[in-house]
Amino acid sequence: GRELTGPGSSRPPPRPTTRGGMSNDETDLIRRVRSGDQEAFAELVTTYRERIHRLVFGLLRDRDEAEDVTQEVFIKAFYRISSYKGQSAFYTWLYRVAVNAASDWRKKWWKRKGLSLSESPTGPEGLPDERARPERLAHGRELGLRLDDALGKLPEKYRTILVLREFEGLSYEEIARVLELRKGTVESRLFRARERLKSLMAPYM
């Protein structure tokens, strides 16, 4: 796969160091990225790329598109990092960039299809992905595939909150910061999302 280090750079990111060289202190890294330091940016990518890719894939259910959107997330983060004010953990800010980028991609996809998100309240059932490949339908994986299908049929707001909570393990407070919602709204939306998912999975349980 492609490695992203910085806009216009093809050099693989350096390994984080603990002694000498680049500092592992996140505050210092962010300060350096703000000043245009691409080596500091490369270290941030190394630290967060796997988590962001997992999050984006969970939202889009398409591996190739998740790769492209993940790259887009870090490019946006590089140019927008001045908007990070340090009022919450950096990863919650980065998760917000990722959630918004995935949402933008979905809107563009539906626009290309000549549809709107409101015309498909149960989610992007027609999204191109690799789930339908016959070789993936091996015995013992059917339930996992059913869960994957069910997540794809959920409205975006429900799938997003489930991915953040159940797959990424974020607390209610962290989800509230990522999605810019009140904690009470997070709790009620998560409850409804779980109920919808349970309903979709009921025939297979």
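**Close-up 1. How helices α2 and α3 cross.** Axes here are lines fitted to C-alpha atoms, for helices over the stretch in contact, with angles running from 0 to 180 degrees between N-to-C directions. In this predicted model, α2 spans residues 38–60 and α3 covers residues 63–80. Their axes come within 8 Å and cross at roughly 140°. Angles over 145 degrees would count as roughly antiparallel, so this pair is described as oblique instead. As for handedness, α2 and α3 make a right-handed crossing.

**Close-up 2. Who touches whom between α2 and α3.** From α2, the contact takes in Gln38, Phe41, Leu44, Val45, Tyr48, Arg49, Ile52, His53, Val56, Phe57 and Leu60. Facing them from α3 are Arg63, Glu65, Ala66, Glu67, Val69, Thr70, Val73, Phe74 and Phe78. Sort the residues of this contact by type and you get 13 nonpolar, three polar and four charged.

**Close-up 3. An aromatic pair at Phe78 and Tyr79.** The model has seven aromatic pairs by the ring-centre rule. One of them joins Phe78 and Tyr79 edge-to-face, with 5.2 Å centre to centre and 90° between the planes.

**Close-up 4. The ring cluster around Tyr84 and Trp93.** Tyr84 and Trp93 form a tilted pair, 5.9 Å centre to centre with 55° between the planes. Both of these residues are buried. Ring pairs also tie Tyr48, Tyr84, Phe90 and Trp93 together as a cluster; Tyr48 is one of the α2 residues that meet α3.

Methods. Residues are numbered from 1 along each chain as its sequence is written. This is a predicted model: local features need pLDDT of at least 70, side-chain atom pairs count only at pLDDT 80 or more; totals for chains, interfaces and linings use all residues. Side-chain values use heavy atoms; hydrogens and water are left out. Helices (H or I, at least four residues) and strands (E, at least two) are DSSP runs, numbered from the N terminus. Angles under 35 degrees count as roughly parallel, over 145 as roughly antiparallel, 65 to 115 as roughly perpendicular and the rest as oblique. A crossing is left-handed if the near helix is turned anticlockwise from the far one by less than a right angle, and right-handed if clockwise. Contact means heavy atoms within 4.5 Å. Ala, Val, Leu, Ile, Met, Phe, Trp, Tyr, Cys and Pro count as nonpolar, Asp, Glu, Lys and Arg as charged, and the others, Gly among them, as polar. Rings of Phe, Tyr and Trp (its six-membered ring) pair if their centres lie within 6.5 Å; planes under 30 degrees apart count as stacked, over 60 as edge-to-face and the rest as tilted. Buried means under 20% relative accessible area, exposed over 50%, partly exposed in between (1.4 Å probe, protein chains only).
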